[in-house]
Amino acid sequence: MAKQTIVEAVKAGRILVSDGAWGTFLQKKGMQPGECPELWCVTHRDAVLDIAKGYVAAGSDMIETDSFGGTRCKLEHFGLAARTVELNQAAASISREAAGSDRWVIASVGPTGMMTAMGDVTEADFYAFFKEQVMALEAGGADAICIETMSALDESLAAIRAARENTGCEVICTLTYERTRQGTYRTMMGVAPAEAALATVAAGAHIIGTNCGNGMDRMVDIVKELKQAAPTTPIMVQANAGLPKNVNGVDVFPESPAEMAGLVADLVAAGAVIIGGCCGTTPAHIAALKQAVINLKA
Ligand SMILES: [Zn+2]
């Protein structure tokens, strides 16, 4: 386990770098459409370990896990619900092996794909799904739980509570925003950054923020709004490599490592203390972000 907590490190003045995309990396390693990414933690352990090691080598201070879709209800789509605990433990243990003792493992927890508004699920169901997942991730060696790509507040808060009440891990919660025609930011479920900041901190998140949905430039505006609402809570940003362009039916993320790295100073000035990548980012992007963070102090 890392000696300091992530919050202690950022309160001591460090700007930390997280990692980049996992899904696209798994595809490069040969994962086919329709395969369960989390099953790869067991069937292709070396390939998943190689992704984690790739981000460690690029300079990540913390690495995620191949567990984004690891709730029982998501694994059920692949007939793998009975293996929920096994797959999440395996995911955390792989990243633990790559991270060693000097880096943090921040275990990925994504949305369930269900909504209380549709009557598919209750808040108690959300809590039970997340409780099972986060306990398995902690058992596998996670230092923190990274609840990410969230858009509904009730689901986000259930995940935070499940992690706070059933693990000793630090809890990160980041939502995904889109820019409206009025130039404001809202999640798909209509949640504003300030509203999310207040609610996620109140539920017990140690670190808040935003991931996916935007490139670095738009993240600067979102961070300003989060910082104003929750001035003492560390903020994490994992940006896409720009906004996707559809090229022959495939989403291509256009920003180069240098373009992303060029906005690190603005993001830090706005209040972000943990910076990494989401869709379209690679170890090369992370290495460039790391260098930009080092240059901040120069
Ligand atoms: Zn993303």
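**A tour of salt bridges and a buried glutamate**

Begin by selecting Val252, which counts as partly exposed because its relative accessibility is 37% (buried means under 20% relative accessible area, exposed over 50%, partly exposed in between, with a 1.4 Å probe and protein chains only). Val252 is found in strand β11.

The model is predicted, so local features need pLDDT of at least 70 and side-chain atom pairs count only at pLDDT 80 or more, while totals for chains, interfaces and linings use all residues. Residues are numbered from 1 along each chain as its sequence is written, and side-chain values use heavy atoms, with hydrogens and water left out.

Select Glu255 next, in the loop between β11 (250–252) and α11 (257–261). Glu255 is buried but has no salt bridge, and the nearest side chain of opposite charge, Lys245, is 8.7 Å away (a salt bridge is a side-chain nitrogen of Lys or Arg within 4 Å of a carboxyl oxygen of Asp or Glu).

The structure holds seven salt bridges. One of them joins the side chains of Asp61 and Arg14 at 3.5 Å, N to O; this pair links distant parts of the chain, 47 residues apart, with Asp61 in the loop between α4 (45–58) and β2 (62–63) and Arg14 in the loop between α1 (6–11) and β1 (16–17). Asp61 counts as buried at 9% relative accessibility, whereas Arg14, at 36%, counts as partly exposed.

Finally, select Arg96 and Asp143, whose side chains meet in a salt bridge at 2.7 Å, N to O. Arg96 lies in helix α6 (residues 84–99) and Asp143 in the loop between α7 (123–139) and β4 (144–150), and both residues are buried.

Key: Helix = DSSP H or I, 4+ residues; strand = E, 2+ residues; numbered from the N terminus. Lys, Arg positive; Asp, Glu negative; His and termini not counted.
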